[in-house]
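Thanks, everyone. Let me put the model up, and then we will go through some side chains and strands.

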Amino acid sequence: MSDRVFTWSSRLLAGAAVAALSAGAALAADAPVDLEGVIVTAVRAPTPLADLPAPVSVITAGDIADRQAVSYPEVLERLPGVDFFGGPRVQGEMPSIRGATGRQIVAVIDGARQNASPGLSSPLFLEPFFLSRAEVLKGVSSAVYGGGGIGGALTFTTLDAGNLLSEGDQLGADLRAESQSANEGRRLLARAYGRQGAFDGFLGLTTGDWGPIRQGGGTTLRPGDGQAVSLLAKAGWQATDHLRAELSHLYYDMEDFQPNNPQADASFPYFQNNWATQRQTVLNLSGADSDGQKTLDLSVYVTRLETGADPNLKVTPVLTSTSTLTDTLGFSGADSWRFSTGPLGHRVTVGADGYRDQIESRTDGLPGTVSPDGKQTSLGGFLRDEITLTPWLSLTPAVRYDHFETELKSGASPTTSDDRMSPSLAVTVKPISGAMVYLSRGSGFRAPAVNELYQSLSTPTAFANFRPNPALKPEISEEWDAGARWSGDAPLSLGRLTLQGDYYKADVENLITVVVVGFYTNPVLGRRPIQQYQNVSKAEREGFELQAGLSQGAFSGQLAYSQIRVRDKLTGANLFAPPDKWTLSLAYAFSPSVDLRWSSMWVEAQDYDSTLLRRRPAYETHDLFVTWAPQGRTWRLDAGVTNLFDKRYAAYKQSTAYPNVYEQGRNFRLGVSRHF
């Protein structure tokens with residue numbers, strides 16, 4: 001069968017599903033999709049999605065529950081322009097936005113940046129049962145969260161008591177048990193919440209374990225023997241009608257006996273007990289205007305992510321203990337207010353942020369041999385003014401300043417520093433009711449991380465060796481974005497229709513990427529690469545995303561497509577870029593108690609990357625979920641199956657070109673929950 005993604009079987013299957021669900025939905029009343037009702041905070045000020053001159057995707061707690069998600073990547077990877085790579089292990093999952101990865105993406109939880117760069121291990125561990133919403137801001141507009149986000153920003157907001165308690169309720173709790181077949185995983189989840197007067201609190205706890213992973217086609221990814229526990233605690237004080245203070249602590253701890261490269265397949269022979277511990281404490285102060293919209297948002301935070309592996313003395317060669325620690329102390333604040341100057345309306349947002357990362361690595365208790373101890377300090381601020389010229393025309397100029405300093409603890413290399421002023425401008429036009437068109441031009445700036453500058457390894461038994469590059473320069477991205485949105489009644493009385501399209505083109509100066517600079521011989525794996533972070537002096541990132549949504553009564557559906565190409569402008573080489581992707585989601589409520597959901601993802605062949613080892617054939621996956629939540633009862637039953645047809649595929653690996661681990665195969669899921 002051809003590797004082309006649109007096989008006749010998948011076309012017929014998707015067509016049949018659409019026809020069946022649409023036929024049933026025709027009997028029900030309309031349930032409009034209202035973009036005006038979706039408020040996003042991705043630009044640091046609450047804005048209706050329909051008015052935002054930037055590409056933003058939103059995931060809610062309801063979306064997470066309907067997907068029966070056991071990890072945040074499986075929800076986000078269905079969004080256009082968002083991908084995850086690194087294989088099916090928890091520690092290997094790595095996010096990508098429009099082809100940007102690692103520190104090219106800003107990740108934020110409750111206002112706290114997640115700055116870890118542990119190489120082949122995930123930079124972020126997060127329990128979806130604790131999430132209220134996630135927003136993905138694509139492109140250099142993410143600079144409002146601080147320097148570094150030339151590709152985009154992942155912003156997560158966790159639950160509090162107000163999200164879960166109904167009007168008049170003071171106490172509540174939820175219990176849930178889950179199991180899945182592909183890795184024999186089991187999870188127990190609990191959360192309790194309440195409020196008394198001006199005070200409220202939330203406490204959540206989850207625990208789970210898993211074994212070897214069944215891959216598509218029936219093979220098993222061994223070894224695998226893991227467990228994880230996660231905790232979220234919050235205390236809030238509503239000081240006045242417009243001012244709230246909140247203190248929260250988030251904790252995640254996991255361990256798994258697996259290869260010390262979590263992205264490797266079963267042929268990789270070096271097994272250790274790998275672990276990761278993430279801690280985060282945030283003190284937040286927020287203020288709202290007379291309409292209840294948040295205007296002030298100030299956070300002070302401490303985050304700490306430590307990953308490592310315990311020694312394995314039973315193998316030859318002996319595997320010693322390793323660990324990498326990223327300790328971050330930071331703050332982030334923004335305030336906005338509205339006023340008029342003559343006929344012009346203004347909403348001005350002013351913000352500042354800063355952090356200090358301290359990185360430590362250890363090998364057998366001694367200073368690490370791969371990434372030396374170091375520190376990076378950042379300080380920046382921005383000013384943004386949304387100017388309403390007429391009811392149908394607005395202009396949004398903005399400017400951001402960033403300053404970075406990076407240094408080694410040993411002082412072996414001189415401190416590097418840089419700063420940059422990054423302006424942007426957006427024009428928004430509303431030509432007709434329900435429609436919006438925007439055009440924007442913006443700049444982004446990212447200084448190299450400590451590991452990119454100084455990572456060094458020369459060990460014959462390692463999966464790969466590395467060479468330092470202290471001459472690495474900052475990345476600078478100049479980007480054009482254009483987009484349009486429309487929401488209204490569909491033709492032929494088919495329901496409520498939403499359409500959206502976004503195009504972008506970025507010229508990136510000194511794009512940081514991994515380059516193979518030589519080879520060595522591993523006694524078990526054979527010929528292996530020597531890698532180094534280098535600058536591509538002039539690169540181009542170009543692509544587009546299309547989305548359509550239809551809602552009619554009990555039926556809803558979304559279809560999305562994304563495409564990206566990244567090129568070296570001097571050599572014409574095709575650089576790392578995720579393959580073209582289609583996603584389809586369908587939902588139908590057979591009754592007030594029973595929901596059925598179908599999800600498909602078609603990924604086209606990545607057969608144009610100039611690094612041949614990164615190329616991948618096309619694949620498609622399909623998922624089915626059903627929920628039974630009887631009215632008047634406090635329990636809910638979820639069942640589902642992911643990768644329904646047991647497709648055997650390896651996802652595109654981007655800059656980590658050489659692992660080729662196959663993803664999880666057919667997986668049956670069952671979940672039972674009770675609300676108190």
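Is E386 buried or exposed? At 18% relative accessibility, E386 counts as buried. The cut-offs: buried is under 20% relative accessible area, exposed is over 50%, and partly exposed is in between, with a 1.4 Å probe and protein chains only.

A word on the source. This is a predicted model, where local features need pLDDT of at least 70, side-chain atom pairs count only at pLDDT 80 or more, and totals for chains, interfaces and linings use all residues. Residues are numbered from 1 along each chain as its sequence is written, and side-chain values use heavy atoms, with hydrogens and water left out.

Back to E386. Its side chain meets that of R347 in a salt bridge at 2.9 Å, N to O. By salt bridge I mean a side-chain nitrogen of Lys or Arg within 4 Å of a carboxyl oxygen of Asp or Glu. E386 sits in strand β23 (residues 374-390) and R347 in strand β21 (residues 344-363), 39 residues apart. Strands here are DSSP runs of E, at least two residues, numbered from the N terminus. R347 is buried too, with a relative accessible area of 6%.

How many salt bridges are there by this rule? The count comes to 44. One of them joins E545 and K138, at 3.8 Å, N to O. E545 is in strand β30 (residues 526-552) and K138 in strand β9 (residues 131-138), so this pair ties together parts 407 residues apart in sequence. E545 is buried at 1% relative accessibility. K138 is buried, also with a relative accessible area of 1%.

Next, E542 and R567. Their side chains form a salt bridge at 3.9 Å, N to O. E542 lies in β30 and R567 in β31, so the pair ties together parts 25 residues apart in sequence. E542 is partly exposed at 24%, and R567 is partly exposed at 30%.

Strand β31 (residues 555-568) also holds R565. R565 counts as buried, at 18% relative accessibility. Its side chain makes a polar contact with the side chain of Y608, at 3.1 Å. A polar contact is a pair of N or O atoms within 3.5 Å; within protein, one must be able to donate a hydrogen and the other to accept it, and residues adjacent in sequence count only if both atoms are side-chain atoms.

Last item, a network. D66, E127, R176, E178, R187, R597, R636 and D638 are linked by salt bridges.

Terms used. Helix = DSSP H or I, 4+ residues; strand = E, 2+ residues; numbered from the N terminus.
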